[in-house]
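The sequence and structure are shown first.

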Number of protein chains: 2
Amino acid sequence: MATPVYDALAEHHRRLHRLGHLGAIAGWDQAAHMPPKGNEARAAAMAELATLLHRLRTDPSLPERLAQAEQEPLSDAQRANLREMRRDHRLATALPDALVERAAIAAARSEHAWRAQRRANDWAGFLPNLHEVVAIAREQAARLADRSGLSRFDALLDLYEPGMTAAELDRVFGDLRQWLPATIERVLARQADRRPPLEPVGPFPLDAQRRVCEQAMRLLGFDFDAGRLDVSTHPFCGGVPEDVRLTTRFDERDFLGSLLSTIHETGHARYQQNLPRDWLGQPAAQARSMAIHESQSLAFEMQLAAHPGFIARLAPLLAEAFGAQPAFEPANLQRLLTRVKPGKIRVDADEVTYPAHVIVRVEIERALIEGEIEADDIPALWDAKMMELLGVDTRGDYRDGPMQDIHWASGTFGYFACYSLGAMYAAQWFAAMRRDHPDLDTRLAGGDFAPVFDWLHERIWRQASFWPTDELARRASGEALNPAHFKAHLEARYLA
Amino acid sequence: MATPVYDALAEHHRRLHRLGHLGAIAGWDQAAHMPPKGNEARAAAMAELATLLHRLRTDPSLPERLAQAEQEPLSDAQRANLREMRRDHRLATALPDALVERAAIAAARSEHAWRAQRRANDWAGFLPNLHEVVAIAREQAARLADRSGLSRFDALLDLYEPGMTAAELDRVFGDLRQWLPATIERVLARQADRRPPLEPVGPFPLDAQRRVCEQAMRLLGFDFDAGRLDVSTHPFCGGVPEDVRLTTRFDERDFLGSLLSTIHETGHARYQQNLPRDWLGQPAAQARSMAIHESQSLAFEMQLAAHPGFIARLAPLLAEAFGAQPAFEPANLQRLLTRVKPGKIRVDADEVTYPAHVIVRVEIERALIEGEIEADDIPALWDAKMMELLGVDTRGDYRDGPMQDIHWASGTFGYFACYSLGAMYAAQWFAAMRRDHPDLDTRLAGGDFAPVFDWLHERIWRQASFWPTDELARRASGEALNPAHFKAHLEARYLA
């Protein structure tokens with residue numbers, strides 16, 4: 001049956017994908033290779049492309065064509081794709097160009113100043129910029145809410161996690177919030193009873209670190225014929241599904257940070273590399289959401305990398321790369337990878353304390369966007385919540401307090417929840433895998449990771465955005481997001 | 001005075017420049033970093049950008065706007081820019097889209113097959129593809145000629161070397177053609193009387209080679225804050241003036257090929273890096289022509305790199321990188337860098353025999369485009385001309401005969417002349433420099449290369465395309481292209 005309007009829309013999205021490809025590679029190059037004096041010209045080139053893509057995504061003919069395509073005899077998959085096309089158009093047209101531009105300029109200014117202000121612990125200097133990006137984010141939220149009928153904070157959540165709401169966050173984080181402080185205390189008490197792990201002794205030459213990272217990526221199934229590993233200041237997984245550009249950073253004194261970050265990004269990368277090829281360029285072939293993306297990176301970093309089966313494969317690689325030492329014994333690596341230590345910094349947090357960092361942020365940014373508090377109120381709230389949830393004293397330390405992340409500095413509100421939602425989904429996937437493969441741990445212990453990859457490929461990667469997130473989770477694991485699996489995972493690993 | 005139409009045209013070209021930036025970086029990445037499975041998506045992305053740029057360059061409103069801008073009160077520089085805008089529009093609109101597409105497809109097919117056919121010395125297999133690309137090139141030449149009033153071959157020459165004609169080539173190559181065979185014999189006889197240079201003894205570790213290349217680039221003033229050195233199969237100078245991406249290739253058994261190629265590309269790179277900043281993105285701020293570009297690379301590779309002053313700086317770097325050996329003595333390096341040896345392969349040729357390779361190609365491609373011969377006639381002509389000009393027997397060897405270059409395989413006719421025109425211009429620049437700085441050789445001998453860079457910067461680099469080529473040459477050196485300087489240079493270096 002002929003579907004000419006749908007077909008033309010699909011070609012429109014293939015075109016967006018092809019042009020976006022150039023931006024993705026130029027963006028990767030900017031972070032990984034670009035010399036400093038290239039910056040101004042690159043920024044101008046990227047802005048030109050962004051303008052072009054925005055014009056294509058907001059083409060005035062799209063609403064009528066989207067409505068016409070609806071009447072065509074589409075398959076279920078095409079209909080799902082049309083739903084995602086509509087979402088893309090809705091997001092692209094939700095905000096007036098002038099507001100988008102004002103937000104970009106304010107974010108760039110604030111972020112630039114924040115880099116120095118953070119180093120100087122200069123909250124007072126940061127505050128005027130924060131006020132401005134909050135004001136703009138509130139205006140964006142209000143306009144998005146008007147358009148979608150969602151509440152303001154929900155409208156921001158929806159940008160990153162379609163369908164997620166504050167009410168749903170209350171459900172999934174609420175219980176965890178009660179349970180977490182006592183659990184952290186129990187885990188700490190238990191660790192205090194044991195000998196602390198031996199620290200690996202460096203230095204760890206960068207060449208050897210790179211070799212180990214590449215070996216770990218191969219163990220995890222990264223396709224080096226369709227991607228690369230490079231170095232950048234902040235690790236990320238970029239490029240396009242056909243050519244994934246993953247980055248890490250190396251520190252001679254510590255190989256573990258780089259290795260775990262590489263394993264994390266490899267989870268993102270395999271999702272990208274295994275999105276459905278026949279549909280590439282279509283909105284339905286994109287990763288489902290940020291939380292689902294994080295569920296892949298955390299399935300690799302938290303679930304798999306700290307599994308005794310993976311550690312058994314890793315240990316000899318470390319000894320070969322850096323020379324044998326007692327710290328590389330599997331039992332010691334296991335203790336290193338599951339060490340719990342409350343601290344001030346989210347990105348350094350272990351998987352047990354990490355959700356506390358996220359909950360602190362989500363509660364504050366929600367109140368901020370809904371207008372219940374102002375930016376000036378953040379430090380006091382931060383200190384109180386960090387003490388309550390983690391027992392950490394953060395008073396007077398803005399640098400490693402509310403100024404530690406780039407998100408707020410650049411006006412990104414509503415994103416933080418995705419990290420912990422991802423950790424919960426990852427635990428849920430592994431619980432479902434164990435149900436589907438009762439011998440899973442035996443196979444992992446034998447160094448056979450294929451059941452994990454096959455399960456994720458079948459249930460998550462190739463499903464891309466063909467289903468709403470709840471439906472994806474139900475089809476993959478039999479239920480929508482259920483935080484009980486995450487709690488059970490932590491109890492099994494840290495308190496059994 | 002207000003120049004609104006001109007200003008809008010200038011903004012249009014800045015936009016082309018910004019979008020072209022992304023293509024330049026993606027093209028560099030494709031050659032230097034892209035994993036194999038990225039190829040198909042990259043080709044599609046590059047084609048999408050090419051289509052977009054073509055549409056912008058052929059915008060139907062341009063002819064009227066170009067005419068209107070002509071009436072505005074423009075400065076001389078703006079008027080020169082308008083002239084170059086008009087040329088850009090003329091070239092972009094000269095050929096119908098269908099012919100451009102047919103040419104691209106035929107070139108890609110022919111070039112792809114040629115890679116295997118060349119290895120197999122398979123002229124018969126290559127011939128049908130060559131017939132097709134010649135037929136298309138003739139059609140392109142005919143259409144360009146109709147539009148410009150030039151002859152067919154002149155119309156192709158004009159694509160690479162604006163203003164160059166076959167009659168002008170007769171003038172500059174004619175005399176050289178008579179003079180060259182006897183000169184080569186004299187140089188060979190003279191070399192035969194002397195001890196041959198010592199060959200450097202390898203292997204030459206790739207890391208050390210890279211270090212030497214980077215040191216040579218620094219000696220030559222390459223700005224590493226505005227560019228990089230990477231590795232690709234075929235060395236080139238890419239990127240954008242604000243961020244020049246230079247590539248080389250390394251061979252453990254031979255450092256000299258890579259080093260000289262890097263020095264060559266550094267000449268291109270410094271031209272790019274020093275085009276006038278205030279005008280970047282405008283047609284008048286682009287490099288003048290291919291011959292002028294080659295005059296920069298050859299000024300570095302042939303004029304400067306083989307100068308005793310440069311060799312004196314290079315010798316200790318080689319000893320440091322690879323360990324001292326007699327071959328690295330300056331006098332021996334000098335003999336290595338000025339060794340003359342007629343051979344079959346253009347890219348391996350020395351500066352004395354190189355023009356013979358070019359003349360053979362120019363004579364054949366001119367007859368081919370003008371319809372005086374067919375592709376079948378090439379081997380016999382090739383063999384005869386190579387014997388006449390170089391005394392080299394090429395019979396039966398198509399691989400290192402008429403199949404050696406990618407140019408004809410990909411349908412590029414009219415380019416070869418630029419290489420030798422560039423060598424002639426380079427000699428002319430150095431003759432003018434010596435007139436302007438009578439102490440030039442003393443300063444070079446003392447390791448002070450600034451007079452060369454300053455002269456080129458002032459006379460060539462910052463002049464970009466503000467003058468027609470002849471006028472550029474006259475303003476730089478007091479006369480239009482004069483082949484006598486090239487002959488004088490060879491006589492001074494090889495027969496004095």
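Contact here means heavy atoms within 4.5 Å. By that rule, 33 residues from chain A and 33 residues from chain B take part in the contact. This is a predicted model, in which local features need pLDDT of at least 70 and side-chain atom pairs pLDDT 80 or more, whereas totals for chains, interfaces and linings use all residues. Residues are numbered from 1 along each chain as its sequence is written, chains are lettered from A in the order in which they are written, and side-chain values use heavy atoms, without hydrogens and water.

**Interface of chains A and B**

- The two chains bury about 2,900 Å² between them, 59% of it on carbon and sulfur atoms; buried area is the accessible area (1.4 Å probe) lost on putting two parts together, summed over both.
- On the side of chain A, L22(A), K37(A) and E48(A) lose the most area to chain B, together 21% of what that side buries.
- Ten salt bridges (side-chain nitrogen of Lys or Arg within 4 Å of a carboxyl oxygen of Asp or Glu) are found across the interface.
- One of the salt bridges joins K37(A) and D223(B), at 2.6 Å from N to O.

**Packing of α17 and α20 in chain A**

- Helices (DSSP runs of H or I, at least four residues) α17 (residues 417-436) and α20 (residues 469-477) of chain A pack at about 25 degrees, with axes 9 Å apart; axes are lines fitted to C-alpha atoms over the stretch in contact, and angles run from 0 to 180 degrees between N-to-C directions.
- That angle makes α17(A) roughly parallel to α20(A), a term for angles under 35 degrees.
- From α17(A), Y425(A), Q428(A), W429(A), A432(A) and R435(A) meet T469(A), A473(A), A476(A) and S477(A) of α20(A).

Conventions
Helix = DSSP H or I, 4+ residues; strand = E, 2+ residues; numbered from the N terminus. Parallel < 35°, antiparallel > 145°, perpendicular 65-115°, else oblique.
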